[in-house]
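User: Please take a close look at a single part of this model, and describe how that part is placed against its surroundings. I would like one connected reading, with the cut-offs behind each term.

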Amino acid sequence: LAYAKDADLIVMPTRGRSALQRWLTIGSVTQRILHDAEIPVLAGVDFSHAGVPLRLDHILCAVDLGEKTHPVLAWGAGLSRDLGAQLSIVHAMPHLGEAAADVVDPGWRPTLQSRLRDRVATAAAAAGAEGEVIVEPGEPHSVVAATASRLGARLVIIGRGVSDDLI
């Protein structure tokens, strides 16, 4: 239906029988749409009970530098302009931890972080996205959640896919 109507966005609630299930899981239909849709999908817990209108004054785009990076940044840039919201962009860089301490020179991390920040900034410029670029080490889910919390971002836009290309 979204394609037949030439929609720009699919908005749908997630499912779950209890508050905990709604927080931890999404339904199979939502999973399928998130996986297959070529347009952005906004999925959340029961929008009808949100009460006060949601203020979207800070948007965070999380990118992996894979094939979905450009559309995620372009969509985030357009939405932030339309809403007059601040835009920030985050990328989680690999964190090798103590296991690699014997084989990897610790001096490489600032260089990698700088190169990744440059690549994210270049991708943002190509997509017309203006905002702070943040590159932090760690697991993507942890980096994105911590960054969203720290910035007070009310909306996080993510793409799907994994990039094997680091530099």
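Analyst: A residue is called buried under 20% relative accessible area, exposed over 50%, and partly exposed in between, with a 1.4 Å probe and protein chains only. This is a predicted model, in which local features need a pLDDT of at least 70 and side-chain atom pairs count only at pLDDT 80 or more, while totals for chains, interfaces and linings use all residues. Residues are numbered from 1 along each chain as its sequence is written, and side-chain values use heavy atoms, with hydrogens and water left out.

The part I take is helix H5, residues 140–151, where helices (H or I, at least four residues) and strands (E, at least two) are DSSP runs numbered from the N terminus. H5 has 12 residues and spans 16 Å from its first C-alpha to its last, close to the 16 Å expected at 1.5 Å a residue, the expected span being 1.5 Å times one less than the number of residues. Its buried residues are Val143, Val144, Thr147, Ala148 and Leu151. Seen down the axis of H5, these fall within an arc of 125°, so they line one face of the helix; the arc is that of the directions from the helix axis to the C-beta atoms. An α-helix has 3.6 residues a turn, so residues three or four places apart point the same way. On the face turned away from the buried side, H5 carries the exposed residues His141, Ser149 and Arg150. Just after H5 comes glycine 152, with a positive phi of about 75°.

The cover over the buried residues of H5 includes the strands S3, S4, S5 and S6. Val143, Ala148 and Leu151 are also, with Ile134, among the members of a core of 10 residues, a nonpolar core being a set of buried Ala, Val, Leu, Ile, Met, Phe, Trp, Tyr and Cys residues joined through side-chain atoms within 4.5 Å. That core lies apart from the largest nonpolar core, which has 23 residues and in which Ile59, Cys61, Leu73, Ile89, Val120, Ala129 and Ile157 have the most contacts.

Buried in H4 are Arg109, Leu112, Gln113, Leu116, Val120, Ala123 and Ala124. These cover an arc of only 105° around the axis, which puts them on the same side of H4. The face turned away from that side holds the exposed residues Pro110, Thr122, Ala125 and Ala126, and what covers the buried residues of H4 includes H3, S4 and S5. Glycine 128 follows H4 and has a positive phi, near 75°.

Leucine 65 counts as buried because its relative accessibility is 12%. Isoleucine 59 is in contact, meaning heavy atoms within 4.5 Å, with residues including Leu79, Leu83, Leu87, Leu155 and Ile157, leaving aside neighbours within four places in sequence. Leucine 83 lies in H3, residues 69–83, and counts as partly exposed because its relative accessibility is 43%. Not counting residues up to four places away, leucine 83 touches Leu56 and Ile59.

Confidence is highest in S5 (residues 132–137), at a mean of 95, and lowest in helix H1 (residues 19–24), at 48. Over residues 20–24 the pLDDT is below 50, and this stretch has seven contacts in the model beyond near neighbours in sequence. The pLDDT also stays under 50 over residues 162–167. Where pLDDT is low, the predicted coordinates should not be read in detail.

Key:
pLDDT = per-residue confidence, 0-100.
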